[in-house]
Amino acid sequence: MRIDIITVLPELLTSPFEASILKRAIDKGHVEIHLHNLRDYTTNNYKTVDDYQFGGGAGMVMMIEPIDKCISGLKAERSYDEVIYMTPDGETLNQGIANQLSLKRNLIILCGHYKGVDQRVRDIFVTKEISIGDYVLSGGELGAAVLCDSIIRLIPGVLNDETSALTDSFQDDLLAPPVYTRPSDYNGHKVPEILLSGNFPKIEKWREEQAYKRTKERRPDLLDE
Ligand code: ADE
């Protein structure tokens, strides 16, 4: 997979890909991340990417021209499955969206700033709009990092057995069950007996029950789906 991220703050998007699973995914060739500084696509001396909004009102709007130059340049090189715009009024990210996007080959992610992008960018170029939750961030970069993490860990071969995505929360519309490690008794706080029993069918059944119980208590909406 190849992900091209268009941003005015590329420095916000370097460290997420320099550690742990995302770094390993890049090193093993499962994914390529290309950061594009939108200011490199401006034609004015000040490298401005935003302007006042027509009709008046507070807040600047990201201009169409540099975004067009960047996206059109990328599309001239290869075809893209989706052009994703990070915005609080997009579809809320969930495991299903991450699963679908993990099967794509080439993605563009556009990070919004200020009041957002000129609506014509959304009308002409954007094929999918994603929010990472009902709150407003200063820009789309941190949302893009969250989105990339959720997608990349699902690409076949990225996770090994120990980190397998199959037992993650949400993977079957259920939250994950509680987990424990050594010591089995910490100042009188004991690990459930069943997990020490070695009876794996029973352990599996216990985990399923716990996952269901936790989901019912915390996220009953997932069971309705
Ligand atoms: N940009 C600003 N807020 C955002 C959010 N909640 N999700 C995605 N992008 C954003």
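**Ile-132 first.** I looked up Ile-132 in this predicted model and found it in the loop that runs from strand E7 (128-131) to helix H5 (141-152). Is Ile-132 buried or exposed? I count Ile-132 as buried, because 20 other C-beta atoms lie within 10 Å, and the cut-off for buried is 20 or more. Next I checked its contacts, leaving out residues up to four places away in sequence: Ile-132 touches Leu-93, Gly-143, Val-146 and Leu-147.

**Then Val-136.** I found Val-136 in the loop between E7 and H5 as well. Val-136 comes out as exposed, because it has 10 C-beta neighbours inside 10 Å and exposed means 12 or fewer.

**The ligand shell.** Which residues surround the ligand? I noted Met-86, Thr-87, Pro-88, Gly-112, Ser-131, Ile-132, Gly-133, Tyr-135, Val-136, Leu-137, Gly-140 and Gly-143. Strand E5 (residues 82-92) gives the largest share of this shell, with three residues. Sorting the shell by class, I got six nonpolar and six polar residues, and no charged ones.

**Checking the record.** I also opened the UniProt entry, which is unreviewed. Under "binding site" UniProt lists Gly-112, Ile-132, Gly-133, Asp-134, Tyr-135, Val-136 and Leu-137.

**Stepping back to the chain.** How far apart do the C-alpha centres of domain 1 and domain 2 lie? The domain assignment gives domain 1 as 2-152 and domain 2 as 169-224, and I noted 37 Å between their C-alpha centres.

Definitions and conventions. Residues are numbered from 1 along each chain as its sequence is written. This is a predicted model: local features need pLDDT of at least 70, side-chain atom pairs count only at pLDDT 80 or more; totals for chains, interfaces and linings use all residues. UniProt positions are given in the numbering used here, feature names are shortened, and annotations may be inferred rather than shown by experiment. Helices (H or I, at least four residues) and strands (E, at least two) are DSSP runs, numbered from the N terminus. Two residues are in contact if their C-beta atoms, placed from the backbone, lie within 7 Å. A residue is near a molecule or strand if its C-beta atom, placed from the backbone, lies within 6 Å of it. Ala, Val, Leu, Ile, Met, Phe, Trp, Tyr, Cys and Pro count as nonpolar, Asp, Glu, Lys and Arg as charged, and the others, Gly among them, as polar. Domain bounds come from an automatic or database domain assignment.
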